[in-house]
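These are my notebook entries on one protein chain. I set down what I looked up, in the order in which I looked it up.

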Amino acid sequence: MASTLNSNNSSIERDTAELRRALATSPSLDNNVQLSAIPPILCYCFASILMTVVNKFVVSGANFSMNFLLLCIQSSVCIACVTTVKKLGIISFRAFDWQDAKTWFPISFMLAMVIYTGSKSLQFLSIPVYTIFKNLTIILIAYGEVLWFGGRVTGLTFVSFIFMVFSSVIAAWSDVSNAMNDAIPTAGMGSIHDVKDVVQKLNIGYFWMLVNCLTSAAYVLTMRKRIKVTGFSDWDSMFYSNLLSIPVLALFSIVVEDWGTENLNRNFPAETRSFLFMAIAFSGAAAVGISYTTAWCVRVTSSTTYSMVGALNKLPVAASGMLFFGDAVTFGSVSAISVGFFAGLLYAVAKNNQKKAESRMHSEGIIPLTSRKP
């Protein structure tokens, strides 16, 4: 037992030393960053913030309830955009094949559920809370990889997970406190109904957030297996995922959602209808932008820089909710964002250190124990 503890302590010490060296020499932080890396990083941050804000704007309408229709339109716009870009010769992906479609259909169905539960979460929760809780998906994916792919969670990675959970607790506490304070009138009388409404709304929001984290983790882990089977590139997976999700979303919209004239007018009021459809189409195009800028960022910089950017990007995404939607700026919300930001940065460094260690093992001809077959 003592030797195990000493081994764990030495592992954490090595990870800590690697963290210090990485922070001092990371390509995204030192003076050797090339100017060519700045445009893709800025474009990636802008695209992710833009899509989050636009989606929040669309689903935040007082009477909006047609999430499946929203996602169907977004996927259709996404397919139209990538097809156009392919014809222009900017990108390339394989032509549609029924066998590939059958293999990939479960992934498309899961992606539709991920996007739907995400939109429902944004409908009931603020952007900062949504952004912070998305970190919990990383933990589920990491331990899923341990179970099904022989992955490994290092000491520093585990520490980052603790901070992720801590930031989510702070965010939930701050969110509930602010909502309760807003619901209870200063007079203190006749407020029970308001409090019940607030509690119900928060419960619905956190329920959809939990489902979103679970479906997101299942989607990523399942897609990893299917990509190996099909040999899909990033653009192939994006094309098939969006194309095959269109009939699923359309069917759910027709069966589940109310297509009556009255409900359509409530969801898309005449005075804002054109602007809403433009926003929905724009968010579909933004999804293409995120995929392209992700590939651009990794190609021009490195996977390490990209992971750092992903961690750092959580701060402006959360801040966008405070700026555009009037989300409360309190000590709790700022603390939660800061801790979540630090947790993401710590996780990015931990994964980079793990990749370096694994590459050293392979170069020396050492097979990691987690990858050995019994």
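This is a predicted model: local features need pLDDT of at least 70, side-chain atom pairs count only at pLDDT 80 or more; totals for chains, interfaces and linings use all residues.

**Entry 1: helix α4**

I began with α4 and applied that cut-off. I found that 19 of its 27 residues are buried, so that the helix is mostly covered under this definition.

I then checked its length. Helix α4 covers residues 98–124, and at 1.5 Å a residue it should span 39 Å.

Next I looked for a bend. I located one of about 50° at Trp104, and I noted that a proline, Pro106, follows within four residues.

At the start of α4 I looked at Asp97. One of its side-chain oxygens comes to within 3.0 Å of the backbone nitrogen of Gln99.

**Entry 2: Thr103**

I stayed in α4, where Thr103 lies. I recorded a distance of 3.0 Å between a polar atom of the Thr103 side chain and the backbone oxygen of Gln99.

What does Thr103 touch, not counting residues up to four places away in sequence? I listed Arg226, Val229 and Thr230. I also compared Thr103 with Ile227: 124 residues separate them in sequence, while their C-alpha atoms are 9.8 Å apart in space.

**Entry 3: the whole chain**

I then turned to the chain as a whole. I counted 14 helices and zero strands. The chain has 374 residues, and 44% of them count as buried.

I asked how far apart in sequence the contacting residues are. Of the contacts between residues at least 6 apart, 85% join residues at least 24 apart. For the accessible surface I noted about 19,600 Å², with 67% of it belonging to carbon and sulfur atoms.

**Entry 4: the nonpolar cores**

Which residues have the most contacts inside the largest nonpolar core? I found Val58, Phe64, Leu70, Phe133, Tyr206, Met209 and Phe268, in a core of 32 residues. Several helices each supply at least two residues of this core, including α2 (38–59), α8 (192–230) and α14 (331–363).

Leaving aside neighbours within four places in sequence, I found Val58 in contact with Phe64, Leu70, Leu276, Ala279 and Ile280.

Lastly, I noted another core, which lies apart from the largest one and has 29 residues. Among them are Phe68, Tyr116, Phe232 and Ile246.

Conventions:
Residues are numbered from 1 along each chain as its sequence is written. Side-chain values use heavy atoms; hydrogens and water are left out. Buried means under 20% relative accessible area, exposed over 50%, partly exposed in between (1.4 Å probe, protein chains only). Contact means heavy atoms within 4.5 Å. Accessible areas come from the Shrake-Rupley method with a 1.4 Å probe; for residues, only the protein chains shown count as cover. The expected span of a helix is 1.5 Å times one less than its number of residues. The bend at a residue is the angle between axes fitted to the seven residues ending there and the seven starting there. A polar contact is a pair of N or O atoms within 3.5 Å; within protein, one must be able to donate a hydrogen and the other to accept it, and residues adjacent in sequence count only if both atoms are side-chain atoms. A nonpolar core is a set of buried Ala, Val, Leu, Ile, Met, Phe, Trp, Tyr and Cys residues joined through side-chain atoms within 4.5 Å.
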